[in-house]
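This report describes the core, the aromatic rings, the helix packing and several individual residues of one protein model. Please keep the structure in view while reading.

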Amino acid sequence: WEFAARLDVRGLRCPLPVLKARKRLMSLGPGERLLVEATDPVAAIDFPHFCNETGHRLIATETDDGTLRFLIERASS
């Protein structure tokens, strides 16, 4: 996956992963991608919902040995 920034929120519980991702996305330019790594199982629900609500694009998700990865493209506005 190609991304401009990585955010490690492993070990943090809802709602902190999404709040930290929101803040980090604001520092990126439109169309840039953020890779988020989380361990909270609720993140699998939270991140798709967050992207749907904010207009950011959830490009890909994967789970690897308890770590959830989300590739998010920042919305143009």
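## Exposure at a loop residue

A residue is called exposed when its relative accessible area is over 50%, and buried when that area is under 20%. The model considered here is a predicted one. In it, Asp65 has a relative accessible area of 78%, so this residue is exposed. Asp65 is located in the loop between β3 and β4.

The backbone of Asp65 also deserves attention. Its phi is near 55 degrees, a positive value in a residue other than glycine. Most residues other than glycine have a negative phi, and most peptide bonds are trans.

## The nonpolar core

In soluble globular proteins, nonpolar side chains tend to be buried together. The largest nonpolar core of this model contains 17 residues. Within this core, the residues with the most contacts are Leu34, Val36, Phe47, Phe70 and Ile72. Several elements contribute at least two residues each, namely β1 (5-8), α1 (16-26), β2 (33-38), α2 (43-54) and β4 (67-73). Which element gives the largest share of this core? That element is α2, from which 4 residues come.

Val36 illustrates how contacts can join residues that are apart in sequence. Leaving aside residues up to four places away in sequence, Val36 touches Leu7, Val9, Ala21, Phe47, Leu68, Arg69, Phe70 and Ile72.

## Aromatic residues

A search of the whole structure gives 2 aromatic pairs. In one of them, the ring centres of Phe47 and Phe50 are 6.4 Å apart and the ring planes stand at 85 degrees. Planes over 60 degrees apart count as edge-to-face, and therefore the pair of Phe47 and Phe50 is edge-to-face. Phe47 and Phe50 are 3 residues apart in helix α2, which means that about one helical turn separates them. Are these two residues buried or exposed? Both Phe47 and Phe50 are buried.

Phe47 and Phe70 form an aromatic pair as well, and this one is stacked, with 4.7 Å from centre to centre and 25 degrees between the planes. Because Phe47 belongs to helix α2 and Phe70 to strand β4, the pair ties together parts that are 23 residues apart in sequence. Phe47 has a relative accessibility of 0% and so counts as buried. Phe70, with a relative accessible area of 2%, is likewise buried. Taken together, Phe47, Phe50 and Phe70 make up one aromatic cluster.

## Packing of the two helices

The axes of α1 and α2 are 10 Å apart, and these helices pack at an angle of about 40 degrees. That angle makes α1 oblique to α2. The crossing in which α1 passes α2 is right-handed.

Which residues meet where these helices pack? On the side of α1 they are Pro17, Val18, Ala21, Arg22 and Leu25, and on the side of α2 they are Asp46, Phe47, Phe50 and Thr54.

## The loop between β1 and α1

Pro15 is placed in the loop between β1 and α1. The peptide bond that joins Cys14 and Pro15 is cis, with omega about 10 degrees.

Gly11 is found in the loop between β1 and α1 too. With a relative accessible area of 61%, Gly11 is exposed. The C-alpha atoms of Gly11 and Glu37 are separated by 9.8 Å, although these residues are 26 residues apart along the chain.

## Two alanines in strands

Ala38 is part of strand β2. Its relative accessibility is 0%, and it therefore counts as buried. Not counting residues up to four places away in sequence, Ala38 touches Val9, Arg10, Ala43, Gly66, Thr67, Leu68 and Phe70. Between the C-alpha atoms of Ala38 and Val18, which are 20 residues apart along the chain, the separation is 9.8 Å.

Ala60 has its place in strand β3 (residues 57-64). With residues up to four places away in sequence not counted, Ala60 touches Trp1, Arg69, Phe70 and Leu71.

Note on methods
Residues are numbered from 1 along each chain as its sequence is written. This is a predicted model: local features need pLDDT of at least 70, side-chain atom pairs count only at pLDDT 80 or more; totals for chains, interfaces and linings use all residues. Side-chain values use heavy atoms; hydrogens and water are left out. A nonpolar core is a set of buried Ala, Val, Leu, Ile, Met, Phe, Trp, Tyr and Cys residues joined through side-chain atoms within 4.5 Å. Buried means under 20% relative accessible area, exposed over 50%, partly exposed in between (1.4 Å probe, protein chains only). Contact means heavy atoms within 4.5 Å. Rings of Phe, Tyr and Trp (its six-membered ring) pair if their centres lie within 6.5 Å; planes under 30 degrees apart count as stacked, over 60 as edge-to-face and the rest as tilted. Axes are lines fitted to C-alpha atoms, for helices over the stretch in contact, and angles run from 0 to 180 degrees between N-to-C directions. Angles under 35 degrees count as roughly parallel, over 145 as roughly antiparallel, 65 to 115 as roughly perpendicular and the rest as oblique. A crossing is left-handed if the near helix is turned anticlockwise from the far one by less than a right angle, and right-handed if clockwise.
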